[in-house]
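Colleague: I have a model open and want to learn how to read it. Can we go through it step by step?

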Amino acid sequence: MTEDTTTTTTSSCATALNSVSKMNTKKRDGYENEDEEECDVEVWDTLSRSFRQVQAVLDQNRDLINQVNENHQSKVPDNLTKNISLIREINGNISKVISIYSDLSLRFSNIVHQRRRTKI
């Protein structure tokens, strides 16, 4: 992953956390009820857990990309051969990130739908 991708992910995390923070402010000001407070905790836990998982995978990819670059610069045949498996691992990690975000989206959507059903 490039630094821009990590920055974008971090920015997305900050935006989501800011939204949760605004919900907590409303809650403290008395606008929210206890059911929504429990949901906010659930949302917070879901977001935090997913973003930590994504960040761990992105950190691992950064290390793998650095290793690929070092192997490429060395021009040693064995190192270049190792890059094949490293690049496959990077691709697998990208799939993990996609899966984590997909699961996050589904869980978050379910929480929102559940919250809407309880308000009706």
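This is a predicted model: local features need pLDDT of at least 70, side-chain atom pairs count only at pLDDT 80 or more; totals for chains, interfaces and linings use all residues.

Colleague: What pattern does the protein follow along the sequence?

Modeller: Start with the elements. The protein has 3 helices and 0 strands. Read along the sequence, the pattern is α-α-α.

Colleague: What percentage of the residues is buried?

Modeller: Buried means under 20% relative accessible area. The protein has 120 residues, and the buried share of them is 27%.

Colleague: Among contacts with a separation of 6 or more, what share joins residues 24 or more positions apart?

Modeller: Look at contacts in the protein with a separation of 6 or more. The share from residues 24 or more positions apart is 69%.

Colleague: Now to single residues. Is serine 50 buried or exposed?

Modeller: Serine 50 sits in helix H2, which covers residues 34-74. The cut-off for buried is under 20% relative accessible area. Serine 50 has 1% relative accessibility, so it counts as buried.

Colleague: Which residues does serine 50 touch, not counting those up to four places away in sequence?

Modeller: Leave out the residues up to four places away in sequence. Serine 50 then touches Ile100, Leu104 and Arg107.

Colleague: Which side chain joins that of serine 50 in a polar contact of 2.7 Å?

Modeller: The polar contact is between two side chains, at 2.7 Å. One belongs to serine 50, and the partner is arginine 107.

Colleague: How many salt bridges does the structure hold?

Modeller: Two pairs come up here. Arginine 115 meets aspartate 40 in a salt bridge. Arginine 62 forms one with aspartate 59. The structure holds 2.

Colleague: How far apart in sequence are the parts that arginine 115 and aspartate 40 tie together?

Modeller: The side chains of arginine 115 and aspartate 40 meet in a salt bridge at 2.6 Å, N to O. Arginine 115 lies in helix H3 and aspartate 40 in helix H2, so the pair ties together parts whose separation in sequence is 75 residues.

Colleague: Are arginine 115 and aspartate 40 buried or exposed?

Modeller: Arginine 115 has a relative accessible area of 19%, so it is buried. Aspartate 40 has a relative accessible area of 1%. Aspartate 40 is therefore also buried.

Colleague: Why are arginine 62 and aspartate 59 separated by about one helical turn?

Modeller: Their closest N and O atoms are 2.7 Å apart in the salt bridge. Both residues lie in helix H2. Arginine 62 and aspartate 59 are about one helical turn apart because their spacing is 3 residues.

Colleague: What are the relative accessibilities of arginine 62 and aspartate 59?

Modeller: Arginine 62 counts as partly exposed, at 37%. Aspartate 59 counts as partly exposed too, and its value is 27%.

Colleague: Where does lysine 75 lie, and what is its phi near?

Modeller: Lysine 75 lies in the loop between H2 and H3. Most residues other than glycine have a negative phi. Lysine 75 is not glycine, yet its phi is positive, near 60°.

Colleague: Is lysine 75 buried or exposed?

Modeller: The cut-off for exposed is over 50% relative accessible area. Lysine 75 has 60% relative accessibility, so it counts as exposed.

Conventions: Residues are numbered from 1 along each chain as its sequence is written. Side-chain values use heavy atoms; hydrogens and water are left out. Helices (H or I, at least four residues) and strands (E, at least two) are DSSP runs, numbered from the N terminus. Buried means under 20% relative accessible area, exposed over 50%, partly exposed in between (1.4 Å probe, protein chains only). A polar contact is a pair of N or O atoms within 3.5 Å; within protein, one must be able to donate a hydrogen and the other to accept it, and residues adjacent in sequence count only if both atoms are side-chain atoms. Contact means heavy atoms within 4.5 Å. A salt bridge is a side-chain nitrogen of Lys or Arg within 4 Å of a carboxyl oxygen of Asp or Glu.
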